[in-house]
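Subject: Structure handover

Hi there,

Here is the structure I promised to pass on. Please have it open while you read, and my notes follow below.

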Amino acid sequence: MTLENPVQLEMCWGRLLAIADEMAVGLTRTAFSPIVRDAHDYGCAVFDADGNMLAMASDATPGLSVSTMVSVVNMLEVYPPDALHPGDVLITNDPWLATGHLPDLTIVTPVFYRDRLVGFTAAVAHHMDIGGRKTTPASTEIFEEGLYLPVCKLYQEAEADETVLRVLERNVRVPEMVLGDVHAQVTANAVGAQRICELLLDYGWENLDRIGREVLAKADRAMRAAIAAIPDGSYRAEMTFDGFDRDLCVAVSVNVSSDALTVDYTGTSGQVDRGINCVLNYTESMTLMSLKMLFDPHTPINGGCMRPLKITAPPGTILSARYPAPVVGRSLTGHQIQPVLFQAMAAALPERVCAVSGGPIWSGRFYGHRTDGSSFLALSQLNGGMGARPGQDGISALSFPGNVATIPTEAFEVRVPLLVERKGLICDSGGTGQFRGGLGQEFRVRVLDGLDGDPTLAIRADRTRNPALGLLGGAPGRRGRVLRNGSESLHPKRPVAVRAGEVISWQLAGGGGYGDPRARARERVLADVQDGFISAEAAEREYGVVVRD
Amino acid sequence: MIESTSEFDSARLEMLWSRLLAISDEMAVTLTHTAFSMIVRDAHDYGCSVFDANANMIAIGEDATPGLSVSAMVSLRNMLAVYPAETLRPGDVLIMNDPWLATGHLLDLTIVRPVFHQAQLAGYVAAVAHHMDIGGRKTTPASTEIYEEGLYLPVLKLYDQGRPNDTLFRILESNVRVPEMVLGDVHAQLAANELGAKRVCDLLSDNGWSDLNALGGVVLDRAEAAMREAITAVPDGEYRGELVIDGFDDDLRLVATISVAGSELRVDFSGTSPQIDRGINCVFPITQGIALIGLQLALRPDVPTNAGVMRPITMTAPPGSLLAAEYPAPVVGRSLVLDHLQPLVFIALAEALPDSICAVSGGPIWSGRVYGERPDGDTFFVLQQLNGGMGARPDRDGISALSFPNNVATVPVELWEDGVPLLVERKGLIPDSGGPGRFRGGLSQEFRVRVLCNDATLPIRADRTRNPAPGLFGGGSGRNGKVLRNESETLHPKSPSIAHSGDVVSWQLAGGGGYGDPLLRNQEHVLADVLDGFVSAEAAERDYSVVVKGAWPCLALDREASDVLRSRRRDALAETE
């Protein structure tokens, strides 16, 4: 096979992407935990021998793009190519070298073909537990957040390093699940390695250089072409968000010059002593994802996308936090990046932006013991409403740009002594607009009997003070809140002890609206009232539409 | 190989036993001299021990932290369950900090080295050190599970036939706040073990032995016999002790029932409160170690500790109780409960051995840790171990500022203050804190610190703020302790607090209980106490019925008035009975 023409290039590129996707299938099918198996909170990718990322699985979590790119480069600094052998597997969860928080284990396998190093496969998974304080963002230092693994060899020439495995086993609450997922990641990497070797054999190549050069160059060119299409200049925006106890601010300046741009987060709040800080890798990942959506949503992501971009944040800010900052809940800050970038570019790319979404993703983790002595641990991830788009309403219960899937209620209930009383949309929570913001949802659970002691609920919620803003005349979505027994407001980021019989209601934020509500088509308003998305009172008050039975 | 016990006549046995003890003591000196941290170097929070080839502990350093004895006895056996003796080779070193297999919390790293002599396994040496940091939540007892408390190392090889386990060193380095210090102390432990191994080999060569089993067997038997002798002297029967302690938020109960039958003794902790969801739970090995201290002090303080002293003793506790907590209980602050065990044993044995015990001390040890940031941006943390007053003894007062039976040393103020934005305003005794008695409980102390930086974290560990140290045989309780900020705000004794520049934090420890009727205290001693500022003139009258006249320092006893007062007081007490 050859790469003589665009069709053949497309086929080969497609095959690389298929390898990354097949790695993801391997990971999901052999994983033990619902986070990986059901919520798909992971990333799989293929690299050339120099550590350039050539392809990433299409359902990879957005926050892992640049992180994974730099992880491999950072790991190669500890184990350069001449220190690597067939059968080696590297592992780390160092937030500053990899993805930004300890629950993500990054596993990288060097790929050998005919005794030569030709590339790497990488699988990153968000694990159910890594020890520490149950991922509460109330943590004050990295040391409270769990086991920290420096870059080390999980396997050395096919022999497992017992130290790493036994230390990992000892330090997590669910060792069978964590080790199970680790082995799933190793499997995914092995699948990818095998497919790469088959590809090389089929094409008669010695390494991935030829296809690598092409796909990197194509992604680079596509991104440049899109950047060149907008006027040179400086595009700025600033947005306030909840933070931990007090509001914080993300400030961005996007400077476009011909076919390249820089993103500078100077002016952003300083890092804080609570677990919501972002390391630079993670900031870059969220930035790249947002820029790709704006400029070049179609080209598959690879290292080439980054070439025309330079992303900076002053060290010590909350987007480039310094060691030993607490970072476990970094997505609570990281998910502010896409809205602020969209706001900055709204004037230049009005048809590409949407209003702010009712994200970030919320999570509720329940930990406890039953009277029969067994322990339980379950996680629910919840989406708020997406911001409205030019020409379309925002999708309800989708915390754009997060893409983790919700764990099905049945799968959730089976693991914990909880009864899900309601999982449904919240009427009137979507920001009004010509195009309505997506609705937030309510997830209401009752704590059942059979408990030993008071189980812990680790809450991670946001947008309880700063709603999702609308665009171009659209109104903000409703704020979120977490209630106990209908009236007691719980702190959005501190763990709390709960008792049998209590009812906890997570009410997520709605997305912002787009455009003037008075311009909304009457039929749509009527349809919304009929669907229960908008109340008749709101239809009249906000949209000026009177609905009669 | 020893053919007969005649080889161990008394003089020779004494010399050999002393040499054995000297090995563990010399290991301790090596540890202190090469350690990096103030905990090991100054506070001496460690233990060095020697084992025979059958994994029996035959010697432990004299200055070892109490309670590490039984932990040492069980930890080696637990480690050999993972790496059996026959698989060990010269150059192997084992390490772990598993609380349930050893000392009860993650901060103690146990490092063991098998000793080989002429290619044969001859015994083991072990060094345990309490490290400055192991990650986690800065040792606050507010932790709710073991997972919050730091890096947990199962039994692993730190060295494999002389080759370092780089992965393990790097993992340790990545998970602690002060890696240079922790690794420095690890190497100090390795140095102590290396020295111990060498001395053991010298001992074996000098005596033509292949291993320590023969000598070990004799010292174990001797210690056992000595303990049996002491137990036999106690009348057969059941002796019960009970203590209510502060716990975390709610009071907890400790119960010990000591049964003596001939030369055997059993301690049963049934009736003790269950474990709780805060970091003050005790694992069973360390419970036994501290209880053993109480028994040794009461029965046989003169015999060096080794596995032999445990042979006539059995201890039991209900699994899941505060004294036999089950995984994954939080345990970092277990000394806040453990330090009540020796008093509990003394209370149980008080009637049987009134002259061998003392009143309850104002322990446990309080920890005065402060974490913060220097003006130049570097982080710091310092550790202080604070003693309350010792309980009074049958024939003399309790020593002030000594949380008997704990033996950790205080870090000198100059060292503690050095290079950190903290100023010690006072470190001195608290008048009237010692429980009244014929023999007065030891006074407690105040440690008062002015904080000179913002956002300093104090993971406070204090106790005896609600349940004072009781007296014995008519003696009164010591004063309760408290932790104050800026004189008026009481801080929670077991939750972390944040202090800012200008705040003055005062740790005021608890006094020891008194022994015997205060009305029997020698009046001259009361006068001396008032002159020394240990007892106020008001308290002299109120508690001892002794009248002191004049203004300090020109004080004098008013014997007549005192005699009258005492007489009246006795009459009043007789009437109420």
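First, a term for the interface: buried area is the accessible area, taken with a 1.4 Å probe, that two parts lose on being put together, summed over both. For chain A and chain B, that area is about 2,300 Å², with 51% of it on carbon and sulfur atoms. A:F143, A:R166 and A:R170 supply 29% of the area that chain A buries against chain B, more than any other three residues.

Some ground rules before going further. This is a predicted model, in which local features need pLDDT of at least 70 and side-chain atom pairs count only at pLDDT 80 or more, while totals for chains, interfaces and linings use all residues. Residues are numbered from 1 along each chain as its sequence is written, chains are lettered from A and ligands numbered from 1 in the order in which they are written, and side-chain values use heavy atoms, with hydrogens and water left out.

**Where the chains meet**

Counting contacts (heavy atoms within 4.5 Å), 27 residues of chain A touch 28 residues of chain B. The interface of chain A and chain B has 5 salt bridges, a salt bridge being a side-chain nitrogen of Lys or Arg within 4 Å of a carboxyl oxygen of Asp or Glu. One of the salt bridges in the model joins the side chains of A:R170 and B:D98, at 3.8 Å from N to O. Helix 4 of chain A (residues 162-171) gives the most to the side of chain A that touches chain B, with 6 residues. Helices here are DSSP runs of H or I with at least four residues, strands are runs of E with at least two, and both are numbered from the N terminus. By class, this side of chain A has 13 nonpolar, 6 polar and 8 charged residues. In that tally Ala, Val, Leu, Ile, Met, Phe, Trp, Tyr, Cys and Pro count as nonpolar, Asp, Glu, Lys and Arg as charged, and the others, Gly among them, as polar.

**Salt bridges within the chains**

Over all chains the structure holds 63 salt bridges. In chain A, the side chains of A:K493 and A:D462 meet at 2.9 Å, N to O. A:K493 lies in the loop between strand 18 and strand 19 (495-497), and A:D462 in the loop between strand 16 (451-460) and strand 17, so the pair ties together parts of chain A that are 31 residues apart in sequence. How accessible are these two? A:K493 is buried, with a relative accessible area of 0%, and A:D462 is buried too, at 1%. Buried means under 20% relative accessible area, exposed over 50%, and partly exposed in between (1.4 Å probe, protein chains only). Also in chain A, a network of salt bridges links A:E421, A:R422, A:E442, A:R444 and A:R446.

In chain B, B:D202 and B:K198 form a salt bridge at 3.9 Å, N to O. These residues are 4 apart in helix 5 of chain B (residues 179-207), so about one helical turn separates B:D202 from B:K198. Both are partly exposed: B:D202 at 27% relative accessibility and B:K198 at 49%.

B:E446 and B:R426 also form a salt bridge, with their closest N and O atoms 3.0 Å apart. B:E446 sits in strand 17 (residues 445-451) and B:R426 in strand 16 (residues 422-429) of chain B, so the pair ties together parts 20 residues apart in sequence. Here B:E446 is buried at 8% relative accessibility, whereas B:R426 is partly exposed at 28%.

**Backbone details**

Two cis peptide bonds are worth a look. A:Y323 and A:P324 are joined by one with omega about 5 degrees, and A:P324 lies in the loop between strand 11 (309-312) and helix 8 (331-334) of chain A. The bond from B:W552 to B:P553 is also cis, with omega near 5 degrees, and B:P553 is in the loop between strand 23 (548-549) and strand 24 (556-557) of chain B.

A:E157, though not a glycine, has a positive phi of about 45 degrees. A:N485 likewise has a positive phi, near 50 degrees, and is partly exposed at 44% relative accessible area.

Best wishes
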